[in-house]
Amino acid sequence: MRDAALNALEAALRPGVEYADVRVVGQRERTLGTKNGKPSQVAESESLGLGVRVLAEGCWGFAATDDLSKAGVERAAAQAVAIARASALARIEPVKLAPEEAYQAVWMSPCLIDPFSLSVDTQLGLLLAIDGELRRNPGITLAEAALSLRREHQVFASSIGSVIEQTRTFTGAGYEAYSFRDGELQKRSYPNSFGGQHQLKGWELIDELRLVENAARIAEEAVALHDAPPCPQGRFDLILDSSQLALQIHESIGHPIELDRVLGSEANYAGMSFLTLDQLDHLRYGSQIVNAVCDARLEHGPGLGTFAFDDEGVPAQCIQIIDNGRFTGYMTSRETAAAAGQSRSNGTMRAASWSRMPLIRMTNVSLLPGPHSLDEVFDADHAIYMETNKSWSIDDKRYQFQFGCEIAWEIRGGKRGRMLKNPIYSGITTEFWNACAAIANREHWTLWGVPNCGKGQPEQVIGTGHGASPARFRGIRIGAGSGE
Amino acid sequence: MRHAALVSEPQCREALDIAIRAARESGVAHVEVLIGGEREALTRFANNTIHQNVEAVEHNISVRVIVDQRTARATTTSFAEDSIARATTQAIALARASAPDPDLCPLLEPSEAGTPPALNRFDEATAAATPHYRAEAVLRAIHAVKSAGQTGAGIYSTGEFFEAVLNSAGVEAFHRQTSAVFSITAIAEDSSGWAKASSVAASAIDPETLARQAAEKARRSRQPREIPPGRYTVILAPAAVLDLAGQIFADFSATAIADDRSFLNDRLGQPLFGENISIGDDVTHPLQAGPAFDGEGVARSRLSLVERGVPKQVAYGRTAAHRERRASTGHGFPPPSETGEMPANIVIAGGGTSLEDMIASTRRGIFVTRLWYIREVDPYEKIMTGMTRDGTFWVENGEIQYGIRNLRFNQSVIELLRNVDALSPAIRASGEESFDMVVPAMRANQFEFSEVTRY
């Protein structure tokens, strides 16, 4: 892989090429699933290819191939240069890159138990055990469980002299219990929707999740939802569990702070952002207790956005996004940092595979733990507590959002009361975060993995990390009707 | 000059032979190979300049084996003999470690596969389109938007795709296709407009005209006014129809019904939508694209999904068909699959009212040109939420009056299709929230907009 990367880099450095980088990526993936007591997915895949990115005549060109022969690599490099030159037909200003150092590095993510070292029958056995627990409840009409394991080995080489080798191992698992009765379909997921929990870890993650132990409770809740009253509509204090808050962070903090989106690169598809450049260091994003970071470093935790270097060779960093409620930072690349007058990229360029050009992507965008105990977070006269995302939608400038959760409970005098079904809340991003009244402390903080973030054309689906602990918000609109 | 094939048919047969040989060495006789290849080039522009420009050539060879009522799949990106052989032995190891499935179908036999209709969906000129060709078209589009005092952002992609299914029982099915997609968002000071088109041939797409359409929407929606949430008559452009109506078709699946997670559970054969709603699935429709066979190589048959408001037929893959002792309709995903099958060549029958006449005959209503971020709120009533974007208009007394701020909707698709009172002729439309379809524009009553955003 290293040789292929260096060969491609050499082939790309033709006269007129100002900068080039190459990523060679090998990936192995195992996907296992069960459905109602039978295997529904038993698959492995391996993928190997390279992507060449060049800057020529002030424009980008990118070409990717799975043909790693000398001729294949040279063809891709030549095509990248030809594409850059074609781009120059519509150039206004030449691309400038913020300066960066050259690095020689080899890095491997921590992985205590290699998930590929366990036999498939052991892994399927776990899923079937979960399935059996879920379907012991006669009200469950469909049970699904899944495991996804992935190892990525990447060699990055660039014309400024960097050669960086990274190996990362990801593990994810989760399950869903469905109950259909009298024209109503209810669902509970564990430990989260979106296939469960996903982290930059080995099999040790599975041992931590206590999957089988929670299955009976999840099945019971799915069935009990049929008899629960609908969540009331109106304005209430809202308490969110950490997994739902993770998605709230993803949509209403993570996406708006992507500087390429702010500058218009995503206008045709993923949209733009309300966080125009004049808002930096001025906007009151949230209440005084809201502190958020975008942190790709391992010390933040084993997230889906944890690495040593991003996909243009910039070291992992921690960016303060919201500082005591004030908006203080964007996610940048070398190109957008230069365009915004910043001295250096903060290292958030990531590509979904060898065949895609890196874009600014969330690394681990997290709400830092607050000062409150869990009792203090739940200390409300009358509130609604919601758990586990069911639906999510936000406008193309990341301002107005609506989320639905799988389950809710009424909170009266700080105590959990009756179960409520079909809970939905909505709001305006800055109003919502300014209504934040309590955030639970680190003891209740979890770094969740969102495996399905989409952006870019061609679309790139990538995993992101979001740390959160349960939090309470004042006076949030609950319900989805057109009347208050 | 003829464009070099991405993957050749002999190359596919050779890959199958390698897999069969490797399987035999492990005592396994039943082998299926799916082969895919694509060369996709995409020129992306924003702020009136090309900012990303890419081309990727990718292949995958996916080997599935059946061993003692167990099945598993292993996939590689390399056609090298050792890679295919390794994928085969890996699939066998996975299958042997798996649990038996009494409902697992044997490999498809040629006699069961049927004969897929011959479809020519390959355009040499599109396959050979260069970065220069796309850049020049993008320049013309940018010029059209700039002439209106606006900035443009969008994409122009061209590509070729290959799919094949072969198995050790003798099934062979091959499909080559090209694709061209252009979309543009024209951005004015406080408004925007969008247009998109797709075709198997780049020559069928006119980027400059699409750019002018987007610019006109942006011009007409400037200084948007806020209207209160509520139930309104709505006119949905074809792209908005497909993005919203497209959310229901995964439920037209025998597996989804067997799993009790389709909104058609207990509703098949009963009047559900308006009598003016008829929906088919037809891979042979001249405006459709895609292969004429499914993930196991079964020829796709035509389905009448909805007849005059009554859901009639659903898609069957082989596993679901086997369970119900009937024939597959040729809509199965490659097995093993949790979701089974789905109709993917949707044709919603149009009517005789042009979009212009729909607007002209509307006393008060909202014209929606594009929807965004649609997600399911209630799976059985098919209530969807999402936003309007890039051109939403207030219509009064038969005319577009002004642009309005974007709105969130919470709307049942079942109810929407019950409340349609006018349909335009159907066209091939392209959105971002669902796959391309042949759909009309629609006018419907009582569409629920629940909230308004700030722009």
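Begin by selecting B:Pro336, which sits in the loop between helix H9 (318-323) and strand S11 (346-348) of chain B. The peptide bond that leads from B:Pro335 into B:Pro336 is cis, with omega near -5 degrees. Please keep in mind throughout that what is on the screen is a predicted model.

Now widen the selection to the whole of chain B, in which there are 11 helices and 21 strands. Its C-alpha atoms fill a box of roughly 75 × 55 × 35 Å, taken along the principal axes. A compact globule of 455 residues would have a radius of gyration near 23 Å, and the 24 Å of chain B agrees with this. If you colour chain B by burial, buried residues make up 60% of its 455 residues. Of the contacts in chain B with a separation of 6 or more, 72% are between residues 24 or more positions apart.

**Across to chain A**

Select chain A next, where you will find 10 helices and 23 strands. The radius of gyration of chain A is 23 Å, close to the 23 Å that the globule rule gives for 484 residues, so chain A is as compact as a globular protein of that length. The box filled by the C-alpha atoms of chain A is roughly 70 × 55 × 35 Å along the principal axes, and buried residues make up 62% of the 484 residues. Among the contacts in chain A between residues at least 6 apart in sequence, 76% join residues at least 24 apart.

With both chains displayed, turn to the place where they touch: 69 residues of chain A are in contact with 78 residues of chain B. Which strand of chain A gives the most to the side that touches chain B? Select strand S2 (residues 38-56) of chain A, which gives the most to that side, with 12 residues. The residues on this side of chain A divide into 31 nonpolar, 26 polar and 12 charged. Strand S2 of chain A also pairs with strand S3 (residues 70-76) of chain B, in the parallel sense and over 3 bridges, and if you pick out A:Glu44 you will find it standing opposite B:Ala74 in that strand of chain B.

From S2 of chain A, step along to A:Glu57, in the loop between S2 and strand S3 (59-65) of chain A. Phi of A:Glu57 is near 55 degrees, a positive value in a residue other than glycine. With 18 C-beta neighbours inside 10 Å, A:Glu57 counts as partly exposed.

**The two domains of chain A**

Colour chain A by its domain assignment, which gives domain 1 (2-227) and domain 2 (234-478). The centres of the two domains, taken over C-alpha atoms, are separated by 21 Å. Where they meet, 45 residues of domain 1 are in contact with 40 residues of domain 2. Strand S6 (residues 163-181) of chain A gives the most to the side of domain 1 that touches domain 2, with 5 residues. On that side of domain 1 the residues divide into 20 nonpolar, 15 polar and 10 charged.

Is S4 of chain A largely buried or in the open? Of its 5 residues the number buried is 0, so S4 lies largely in the open.

Then select A:Pro191, whose place is in the loop between strand S7 (184-190) and strand S8 (197-199) of chain A. The peptide bond from A:Tyr190 to A:Pro191 is cis, with omega near -5 degrees.

Next, select the 4 strands of chain A that form an open, antiparallel sheet in the order S12-S11-S10-S15. Strand S12 (326-327) and strand S15 (365-367) stand at the edges, each with a single partner strand, so one side of each is left without a neighbour in the sheet. Strand S10 (residues 292-295) and S15 pair over 3 bridges in the antiparallel sense, and the bridge partner of A:Val293 in S15 is A:Ser366.

Finish at A:Asn422, in the loop between strand S18 (415-420) and strand S19 (424-428) of chain A. A:Asn422 has a positive phi of about 55 degrees although it is not a glycine, and A:Asn422 is buried, with 22 other C-beta atoms within 10 Å.

Methods: Residues are numbered from 1 along each chain as its sequence is written. Chains are lettered from A and ligands numbered from 1 in the order in which they are written. This is a predicted model: local features need pLDDT of at least 70, side-chain atom pairs count only at pLDDT 80 or more; totals for chains, interfaces and linings use all residues. Domain bounds come from an automatic or database domain assignment. Two residues are in contact if their C-beta atoms, placed from the backbone, lie within 7 Å. Helices (H or I, at least four residues) and strands (E, at least two) are DSSP runs, numbered from the N terminus. Ala, Val, Leu, Ile, Met, Phe, Trp, Tyr, Cys and Pro count as nonpolar, Asp, Glu, Lys and Arg as charged, and the others, Gly among them, as polar. A residue is buried if 20 or more other C-beta atoms lie within 10 Å of its own, exposed if 12 or fewer, and partly exposed in between; C-beta atoms are placed from the backbone. The radius of gyration is taken over C-alpha atoms; the globule rule is 2.2 Å times the number of residues to the power 0.38. Two strands pair if DSSP finds at least two bridges between them.
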